[in-house]
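This briefing goes through one protein model by topic. Please look over the sequence and structure below before reading on.

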Amino acid sequence: MVRMSVRTFLVKAKQNLQQTLKTNGEASFVIGNESADLDSITSAIVYGYIQTSTLESMRAQKFYIPVTNIPASDLSLRPELTALLKHAAISPSDLITLDDLGSIPLNLSKSSWTLVDHNTLQGALGQHYRASVTGCIDHHDDEHQVPSAADPRLITKSGSCSSLVANHCRDAWDVVASSSSAIGAALGQSSDGLTDDAAFTTTWDAQLAKLALGSVLIDTINMSDENKVTEHDKKAVRYLEARINASPRVGKGYDRDRFFTEINEAKSDVDSLSVRDVLRKDYKQWSEGGMELGVTSVVKPISWLEKNAEKGVVDESVEFAKSRGLKLFAIMTAFTDESDEFARQLLLIALEGGKVKEAAERFSKQCTEELKLQNDSVQLASMDGVVWIQCWEQKNLAASRKRVAPLLREAMR
């Protein structure tokens with residue numbers, strides 16, 4: 001069996017996509033959700049790499065093309081992505097983004113889509129290809145849009161989707177890792193030069209494992225969040241760290257705490273970004289009840305956004321929401337407060353009256369107890385363009401966007 005590095009895989013996958021679009025051929029995609037956080041990106045890469053590296057796929061010359069579900073211009077908003085990718089000797093420019101897909105619908109005779117880190121294909125891609133979803137691995141609530149015959153169809157609770165992907169791919173990964181030859185240790189190496197894989201494949205496996213592990217550690221706060229960590233995550237971390245430690249080159253300097261701190265500090269470094277960029281950095285959007293909902297996750301408190309927004313956080317939020325056709329917009333913050341304690345806030349804005357305002361009020365009434373919402377005393381400079389607004393401290397720290405977004409959508413129905 002022939003192996004390639006993660007970077008070579010991404011380069012060849014991009015070349016395969018370009019050729020397939022030119023010839024109107026068939027393509028198999030793996031795509032994360034539209035927030036394109038670390039978990040979505042690495043889940044797609046790991047799944048795509050392992051499935052492409054199986055003997056069956058190699059014989060058929062079949063690529064599972066991992067798509068990062070944002071334009072290439074948005075990659076620069078994710079310093080944690082750059083920090084993690086370097087551990088696999090790749091850069092953001094190596095990723096396949098929405099720009100590489102070109103115009104939608106795509107120039108393809110047929111396509112299949114495997115979803116990771118979500119279970120409903122959204123946006124323009126969803127409008128055209130939702131019926132082409134043939135597989136799914138996800139840790140969000142099941143929206144029952146993935147057909148029961150999908151393979152895989154794994155939708156279950158875990159701290160990180162990357163954990164589910166690593167565990168699902170484990171048997172195939174073991175077979176791939178036991179291959180006896182290697183090719184393309186670096187892009188540009190002679191494609192006809194087979195070499196002993198011991199010097200390369202353990203490194204490639206360790207690099208791939210670090211991609212998945214970085215996401216798991218970020219999502220579970222270094223496996224310390226009891227509300228998030230599941231047996232799936234524990235099992236995945238054991239396997240991924242075994243892969244890392246099996247590499248003389250990568251395992252020698254590996255330290256979990258240091259690795260987590262590096263990625264986490266990069267994720268928290270948003271001081272160089274504008275507030276608008278912070279709002280679009282980790283953003284998701286849904287259609288529900290004839291309304292558009294947007295929810296963004298931010299690693300700074302509302303007071304930081306207010307201080308750094310040129311026009312005030314409300315005015316910038318209204319502009320951001322209108323540019324995306326939103327009726328309801330929520331900002332969820334997750335940060336370490338002055339007491340060095342983890343904290344959450346929730347700011348909800350309704351831009352219209354009628355059923356939009358009613359949905360916001362219904363959410364407030366129905367979800368205050370579950371989310372342990374308490375009125376926040378943060379001072380906001382402006383309320384222009386807002387029909388209804390409320391800012392809360394969210395004392396239910398376990399409820400991330402995975403829980404809050406479904407509650408908002410339920411209130412909109």
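Helix α7 (residues 161-168) is largely enclosed by the rest of the structure, because 7 of its 8 residues are buried. The model is a predicted one.

**Helix α7**
- The buried residues of α7 are Cys161, Ser162, Ser163, Leu164, Val165, Ala166 and Asn167.
- Where α7 starts, the backbone nitrogen of Ser162 has a side-chain oxygen of Ser160 within 3.2 Å.

**Overall chain**
- The protein chain contains 17 helices and 12 strands.
- Its radius of gyration is 22 Å, close to the 22 Å given by the globule rule for 413 residues, so the chain is as compact as a globular protein of that length.
- The C-alpha trace spans about 65 × 50 × 40 Å along the principal axes.
- Of the 413 residues, 57% are buried.
- Taking contacts between residues at least 6 apart in sequence, 70% link residues at least 24 apart.
- Accessible surface amounts to about 17700 Å², and carbon and sulfur atoms account for 45% of that.
- There are 47 positive and 56 negative side chains, with the centres of the two sets 3 Å apart.

**Ile45 in helix α2**
- Ile45 belongs to helix α2, which covers residues 38-53.
- Ile45 counts as buried because its relative accessibility is 2%, under the 20% cut-off.
- Beyond neighbours within four places in sequence, Ile45 is in contact with Val6, Phe9, Leu10, Pro66, Leu95, Leu208 and Leu211.

- Asn33 sits in the loop that runs between β1 (26-31) and α2.
- With a relative accessible area of 1%, Asn33 is buried.
- Residues up to four places away aside, Asn33 touches Ser40, Asn69, Val116, Asp117, His118, His140 and Lys284.

**Lys281 in helix α13**
- Lys281 is part of helix α13 (residues 275-281).
- Lys281 has a relative accessibility of 9% and therefore counts as buried.
- The side chain of Lys281 makes a polar contact of 2.8 Å with the side chain of Glu80.

**Backbone geometry**
- Most peptide bonds are trans, and most residues other than glycine have a negative phi.
- The bond joining Ile104 and Pro105 is cis, with omega about 5°; Pro105 is in the loop between α5 (98-101) and β4 (110-116).
- Another cis peptide bond runs from Asp151 to Pro152, with omega near 5°, and Pro152 is in the loop between β5 (133-138) and β6 (153-155).
- Gln61, not a glycine, has a positive phi of about 55°. Gln61 is placed in the loop between α3 (55-60) and β2 (64-68) and is exposed, at a relative accessible area of 68%.
- Ile221 is a residue other than glycine with a positive phi, near 50°. Ile221 is in the loop between α9 (201-219) and α10 (231-245) and is partly exposed, with a relative accessible area of 32%.

Note on methods:
Residues numbered from 1 in each chain as written. Predicted model: local features only at pLDDT ≥ 70, side-chain atom pairs only at ≥ 80, totals over all residues. Heavy atoms only, no water. Helix = DSSP H or I, 4+ residues; strand = E, 2+ residues; numbered from the N terminus. Buried < 20%, exposed > 50% of the residue type's maximum accessible area, 1.4 Å probe, protein only. Polar contact = N/O pair within 3.5 Å; in protein donor to acceptor, adjacent residues only side chain to side chain. Rg over C-alpha atoms; globule rule 2.2 N^0.38 Å. Contact = heavy atoms within 4.5 Å. Areas by Shrake-Rupley, 256 points an atom, 1.4 Å probe, with all protein chains shown as cover. Lys, Arg positive; Asp, Glu negative; His and termini not counted. Charge placed at Lys NZ, Arg CZ, Asp CG, Glu CD.
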